Amino acid sequence: MNTENPSFNRRQTLWQAIQDGDKNWDMVIVGGGIIGAGILREAARRGLKALLVEQRDFAWGTSSRSSKMVHGGLRYIAQGDIRLTRHSLSERERLIVEAPGLIERMGYYFTLRKGQFPGRFLFSVLLSLYDALAGIRNHRYFNKAAVEKHFPGLNCQGLKGAVYYTDTVTDDARLVLRVLQSAIEAGGLAMNYVRADSLIREGGSVCGVRISDVEGGGQLEIRSKSVINATGAWADRLRNEINPEVRVRPLRGSHLVIPMHRLPVADALTLLHPVDKRPVFIFPWEGSTVIGTTDLDHKEDIDAEPGISVEELNYLLAVVEALFPEHGIGRDDVISSYSGVRPVICSDKSRDPSKERRDHAVWSDEGLVTVAGGKLTTFRLIALDAIAAATPNLGNLASREPTDTVFPEPRISAGGLNTADKKWAQRLIGRYGDCAKPLLYEASDAERRKIGSTEFCLAECRWAARNESVIHLDDLLLRRTRLGSLLERGGEALFPVLEEICEEELGWDGTRWQGEVARYRDIWHSHYYLPDDRA
Ligand SMILES: Cc1cc2nc3c(=O)[nH]c(=O)nc-3n(C[C@H](O)[C@H](O)[C@H](O)COP(=O)(O)OP(=O)(O)OC[C@H]3O[C@@H](n4cnc5c(N)ncnc54)[C@H](O)[C@@H]3O)c2cc1C
């Protein structure tokens, strides 16, 4: 390991501080996805001494591989789950207000064809309720001609029209990072590439975890009043040290990313898949078009990165072929793919995956609190439930109920950033909060330019390398930015300029860079591209 690497040295300093410092923690959170990040934030705001450890990169798990929607979930209301829908909608509305530029309202058109169920009337009833629960009134109906005009090239055979409603779109990995940033500002500590190996138990109760530094080596025993297992699809593993029950059903969902110019959509299109009538989405995201998702049991090793199968690829391409036959979209148009594993709470393994409930669950076993399931959207509520479950171990500490917002209001506004593009300025503030200002001010003109058809710029890469615990090239291209998913061939055209940035900010020499490129290419080809390439 290159000890000249400043980022690595920062980690070492942090690791050393944990090793040498006061060993008595109030809370250790295992898992650096949206749920772990949300819990760290709640804990830190209550003044708890809290540490989060993530075995890979922050958001490496499901939280960077979702459908990118902070949404109420129309299908939950259709399944009669009013409680989950209401909670999701109120969180959605709160986040739209608190983090504009990161969570943006988006229009959704659900196409209706002759003989399709539900039809216009039932949809209108559902959408009236959906809007009412959110306290808005955005839904309406568009006739065939209007839909045809809005989505040029759409197959209009049998089309009657579309019901329109709004939800949102986000960058899920950046949402995790923004929540972590907020948690760290409140005094929390978070380390990526640190694994919780096992629980420490004394007198029949959990009193800490053994952790290891996956990158630098070294192991530590951390004593803590409470331990929270927020490991998503891995939740059973840590819990099974105490309780053999298997409750998480890993369900895989995959997406395809297509260049916007090949499949231009101005809003999200929701339709029932021609084969199995499951709802699927085609939506604009970060200058590209995304198609998803699938829903099937994930039988592969959960420690390996998930990837799309040939069957899923064909299933998703079939949607576009049926819907936009004139576009002639095929596998050669796919820029990238991604797959995530839903940590769904299992009710009955024989049940159709799409019919499993998407609610979360919290279990307490000998003082270990395990939280799994749920959604990106409801992370704050899930975190509150986890904190409540840990309260018996924390006494008065956890009951302090801060009333502030998820994201403190930034001190800067879009008008205060030195760019004429106010929408872009808001985007940066949504993603980086107050750090958007130094990010832009410290950047050269060349690095402030948007890359290709994306909204990302090299200044964000430099900022992330300097400030956001980047350990590997894939952290930078797949999670701090999404350039690896949005640019041809995983963004390899940027390698020369990224090599310079990584040398300057991370101290990577030529050998380290070559190693990182080889690692990144392997990950990208095996898990973020087409399935045949895996060979
Ligand atoms: C295809 C798909 C689409 C989705 N779309 C949406 C959507 O549009 N909107 C929405 O609201 N929700 C959506 N979801 C659901 C949402 O993404 C998940 O519920 C959420 O991301 C789960 O977050 P998490 O923190 O529980 O898990 P994760 O994000 O998986 O985080 C758990 C982390 O724990 C780490 N970990 C595991 N074991 C250890 C250990 N021993 N030590 C340290 N770290 C460990 C893992 O590396 C992982 O990073 C979707 C899910 C999928 C799969």
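Helices here are DSSP runs of H or I with at least four residues, strands are runs of E with at least two, and both are numbered from the N terminus. On that count, the protein chain has 19 helices and 17 strands.

A word on where this comes from: the model is predicted, so to speak of local features takes a pLDDT of at least 70, side-chain atom pairs count only at pLDDT 80 or more, and totals for chains, interfaces and linings use all residues. Residues are numbered from 1 along each chain as its sequence is written, and side-chain values use heavy atoms, with hydrogens and water left out.

## The overall picture

Let's start with the whole chain. Its C-alpha atoms fill a box of roughly 70 × 50 × 50 Å along the principal axes. The radius of gyration, taken over C-alpha atoms, can be held against a globule rule of 2.2 Å times the number of residues to the power 0.38. For 535 residues, a compact globule would come out near 24 Å, and the protein chain has 23 Å, which agrees.

Next, what is tucked away. Buried means under 20% relative accessible area, exposed means over 50%, and partly exposed is in between (1.4 Å probe, protein chains only). Of the 535 residues in the protein chain, 61% are buried.

And who touches whom? A contact means heavy atoms within 4.5 Å. Take the contacts between residues at least 6 apart in sequence: 72% of them join residues at least 24 apart.

## Helices that pack together

Axes are lines fitted to C-alpha atoms, for helices over the stretch in contact, and angles run from 0 to 180 degrees between N-to-C directions. Under 35 degrees counts as roughly parallel, over 145 as roughly antiparallel, 65 to 115 as roughly perpendicular, and the rest as oblique.

| Helix pair | Axis distance | Angle |
|---|---|---|
| α15 (458–467) and α18 (495–506) | within 9 Å | roughly 30° |
| α16 (473–480) and α18 | 11 Å | about 115° |
| α4 (82–98) and α10 (379–394) | within 9 Å | roughly 115° |

With axes crossing at roughly 30°, α15 is roughly parallel to α18. The contact is made by Leu 458, Cys 461, Arg 462, Ala 465 and Arg 466 of α15, together with Val 497, Leu 498, Ile 501, Glu 504, Glu 505 and Leu 506 of α18. To sort such residues, Ala, Val, Leu, Ile, Met, Phe, Trp, Tyr, Cys and Pro count as nonpolar, Asp, Glu, Lys and Arg as charged, and the others, Gly among them, as polar. In the contact of α15 with α18 there are 7 nonpolar, no polar and 4 charged residues.

The remaining pair in the table is α4 and α10, whose axes cross at roughly 115°. That makes α4 roughly perpendicular to α10. His 87, Glu 91, Arg 94 and Leu 95 of α4 make the contact with Phe 379, Arg 380 and Leu 381 of α10. By class, this contact has 3 nonpolar, 1 polar and 3 charged residues.

## A helix on the inside

Now for α12 (residues 422–432): 8 of its 11 residues are buried, so the helix is largely enclosed by the rest of the structure. The buried ones are Trp 424, Ala 425, Arg 427, Leu 428, Ile 429, Gly 430, Arg 431 and Tyr 432. Their cover includes α7 (172–185), α13 (436–441), α14, α15 and α16. Just after α12, Gly 433 takes a positive phi of about 60°.

One of those covering helices, α14 (residues 445–448), holds Ala 446. Ala 446 is partly exposed, with a relative accessible area of 44%.

A few loops have something to show. Lys 277, in the loop between β11 (268–272) and β12 (279–285), has a positive phi of about 65° although it is not a glycine. Its relative accessibility is 53%, so Lys 277 counts as exposed.

Glu 366 sits in the loop between β16 (360–365) and β17 (368–373). Its phi is near 50°, again positive in a residue other than glycine. Glu 366 counts as partly exposed, at 32% relative accessibility.

Finally, a cis peptide bond joins Gly 292 and Thr 293, with omega about 10°. Thr 293 lies in the loop between β13 (288–292) and β14 (296–297).
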